[in-house]
Amino acid sequence: MTAARAGALALLVAAGACRGKNDPGRAVVVASKGFTEGVILGQMVVELAASTPANVEYKAQLGGTEVVFHALEAGAVDVYPEYTGTLTQEILRKEVAGRSLEEVLADRGLRRTRGLGLDNSYALAMKEARAAALGIDKISDLVAHPELRLVFSNEVMSRADGWPGLHARYALPQEARGMDHDLAYRALASDGVDVMDVYTTDAEIRAYGLRVLKDDRQFFTRYDAILVYRADLEARRPDVVASFKRLEGRIDNATMIGLNARAKLDHVSARWPAISSPRRSALRAAPDRASACSRPSPAGPPSTARWSACRCSPPSPSRCRSGSWRRAGRASAASSSAPPASCRPFRRWRCWCS
Amino acid sequence: MELRLSKVIKRYGAGAAVDGIDLTFASGKTTALLGPSGCGKSTVLRLLVGLVAPDGGQISVDGRPLPAHDIEALRRRIGYVIQDGGLFPHLTAAENVTLMARHLRWDPARAAKRLGELAALTRFPADALARYPNELSGGQVQRVAIMRALLLDPEVLLLDEPLSALDPLVRTELRDDLRGIFRTLAKTVIIVTHDVGEAAHLADVVVLMRAGRVVQQGPFATLAASPADPFVTAFLATGNGPSSPRPPETRG
C-alpha cells in the first residue's frame, strides 16, 4: 500500500472510530471502487438502503480494491460491491486455500451476499461478423487461425491468469501485443486487430457488436458480483441488510452491460441508469425522491447520498465536500451554510469552497 | 484550404522542437497530432498560424508560401482553440464568442443569430451565455472557446489539447460532441493531443510524433494493425504514451 493510500485509510478509520461502530443511529456507509460498474452497483445499494429509516452515506469511487476492502475491515465502510474472483485471486488469495470464502470473510468480521447475478470475468471477443465468417465461437477455435491479430490490456499480458496461462492452456499459435483497453475496442471496430480481451459486462460488447468467445477449457476465473458487508451491520441495521439483499440474483450480464452503456457511452450519470432501467424490479420500493429531497437538511453541505437522492447536478465532490454554498450567477453571491431545500433549486446551484 | 509543411525545422535554443518534418493536412479531414509532451506537436500549430517562424523548410497554404499571404486575413480563415480556452475573464460567454463580430461591426441581429447557431452546434446552454468564465465549468469554457473560434466560419480549425484540463466524464462527453461537430462542419481540423484514444476517436488521420519528427501517420486502424516501430507499440499499449500511463478502467 502506498503512503498516500495508507494515509487516506488512516483518516477513514479515524472518522469511523469517532462515530462508534455499534451506534444504530450512525450512518450506514456504502462505498464503491473507482470504475463505472462499481459506482452503479453502489448506487443501487444506496437507493435500497434509503428506503429504510437509516441515514445513508455514499463514498463513491473511494479507491482501489485494497483501500476499499481495508476501509470495510476497519469499520469506515459498511458495505461495498466486490467480485468473488478479486477476493479469491487477489486480496484473500493465500487465506482461501482449502477454505471457503465465507469462512475467511467471517474471520475478518465480514459477510457476503449471494451473487447479484452477473459474472464480470475476463473473456476474449471478436467482431460478430468476422467471428461468424471464420466460424469461431469458442477460444479453442482460434488455434486454427494463426493469422489472427490478438491484443490484450497490459494487465492481462502480465498476469499468470491472463495471456501467459491462456496461451499455454489452449496452445494458441498467435503472438499477442499489449494495447490500452479502450484503444483495443477502437482497433477492433476499425479492423486493426481481430481478437481482444474484454470484461464480460463491458458496455462496448453490445455497442461494437462483439461475439464473446466461449471459454471451453474453463481457463478464466469467475468474477461474480457480490456485496461484502460488515457482520455487525446485521445487528445494527438488519433492515438495511435485508434491503440490499434484494439485489441477489437480480442483475444478469445483459442488464449490467446495458447499465454500463448508459453510464459510460450515453453519458447518463452513473447514479441514474439503475433508477431509470425498466428492469429495476428490485428497486421499485424506493421512496419518492422529491419527498426525500425536501427533508430538513443537516447543517452544512448535504451528504453525497442526499445529493444523489435528489437527482440533482452535484458539483465536484472534491471541491465542495466542505465549505459554504453560494448561488451561481455573477449578481448573487449570497453565502449560505445550508443547501437548498428541494430538488429543483438544486439544479441551479453550484458551490465553491470558501 | 490545404496546409503543407515541407522539411520544416523550428529550433528553440540548441534543440529542434520540429526537426525537418513533411506533413500535408488534407482539406475537410480531421488530423490528430499525437505524441508525448515536448514532441513538437503544439509547435506545428503555432507554425501554421504564423505565431512562430520556421528556421528551415517551407510552410504553404493553398500552394503559396506562408509569407506571401496577408497573415491577418489568413488568421481569419483559421479558428484556434488553446488548451485552457483563453477566454477574457471580464467578458461573458456571449461577449467572448462575439468579440470579433463587434470588432468587425456586425449588425447585432446577425451576431445574435450566429451566437444562437453556435450554441446549438456546441450544445451550450442558452442560460449560461450571460455567465462569466469563472462561473462556467471547464467543459463549458471549452465550448465557448470553440464557439469563438467558429464565429467567422473559418475554413480550418486548430485545437491545442482542448480536453486535457477536463475531468474524465466531461472530457468524454465533450470528445463525443467534438466528433459530431467535426463531422457536421466537414472543415479541415487539426487537433493536438497526447491521448491516443482521443486521436483514434476524433481523427481521420493520426500523426504520431516523437522528438520533433513524425514516427508514423495514417488512419488509427493502420497504426493499430501495423505499428511502425516499438515506440508506436508502446504508445498504443498505454493509451497515453509510455511516459504517462493512464490507469485503465477495470473492476479491480
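The pairing involved is parallel, with 3 bridges between strand β6 (residues 150-152) of chain A and β7(A); two strands are taken to pair if DSSP finds at least two bridges between them. Helices (H or I, at least four residues) and strands (E, at least two) are DSSP runs, numbered from the N terminus. The model is predicted, and local features need pLDDT of at least 70, side-chain atom pairs count only at pLDDT 80 or more, and totals for chains, interfaces and linings use all residues. Residues are numbered from 1 along each chain as its sequence is written, chains are lettered from A and ligands numbered from 1 in the order in which they are written, and side-chain values use heavy atoms, with hydrogens and water left out.

Both β6(A) and β7(A) belong to an open sheet of 5 strands in chain A, with mixed pairing and the order β7-β6-β8-β5-β9. The edges are formed by β7 (176-178) and β9 (210-212) of chain A; each has a single partner strand, so one side of each is left without a neighbour in the sheet. From one strand to the next, the twist averages 40°. Angles run from 0 to 180 degrees between N-to-C directions, and axes are lines fitted to C-alpha atoms, for helices over the stretch in contact.

Chain B holds an open sheet of 6 strands, in the order β6-β7-β8-β3-β9-β10 and again with mixed pairing. Here β6 (78-81) and β10 (213-218) of chain B are the edge strands, and each has a single partner strand, so one side of each lacks a neighbour in the sheet. Neighbouring strands of this sheet are turned by 15° against each other on average, direction ignored. Within it, strand β3 (residues 30-34) of chain B and strand β8 (residues 188-193) of chain B are parallel and share 5 bridges, with L33(B) opposite V192(B) in β8(B). Helix α1 (residues 41-48) of chain B lies across β3, β6, β7 (156-160), β8 and β9 (205-210) of chain B and runs at about 145° to β8(B). Helix α6 (residues 138-150) of chain B also packs on the sheet, where it touches β6 and β7 of chain B, and its direction makes about 165° with that of β6(B). Contact here means heavy atoms within 4.5 Å.

Antiparallel pairing occurs elsewhere in chain B. Strand β1 (residues 3-12) of chain B is joined to strand β2 (residues 15-25) of chain B by 8 bridges in the antiparallel sense, and V8(B) stands opposite I21(B) in β2(B). The two strands β1(B) and β2(B) form a hairpin with 2 residues between them, and G13(B) in the turn has a positive phi of about 65°. β1(B) also runs antiparallel to strand β4 (residues 56-61) of chain B, with 5 bridges; in this pair L3(B) faces V61(B) in β4(B).

Over all chains the structure holds 37 salt bridges, defined as a side-chain nitrogen of Lys or Arg within 4 Å of a carboxyl oxygen of Asp or Glu. One of them joins the side chains of E73(A) and R108(A), at 2.8 Å from N to O. E73(A) lies in helix α3 (residues 65-74) of chain A and R108(A) in the loop between α5 (101-107) and β4 (110-112) of chain A, so the pair ties together parts that are 35 residues apart in sequence.

The interface takes 28 residues from chain B and 32 residues from chain A. Together the chains bury about 2500 Å², 52% of it on carbon and sulfur atoms; buried area is the accessible area (1.4 Å probe) that two parts lose on being put together, summed over both. Across this interface the rule finds 0 salt bridges. On the side of chain B that touches chain A, the elements that give two or more residues are α7 (168-185), α8 (196-202), α9 (220-225) and α10 (230-238) of chain B.
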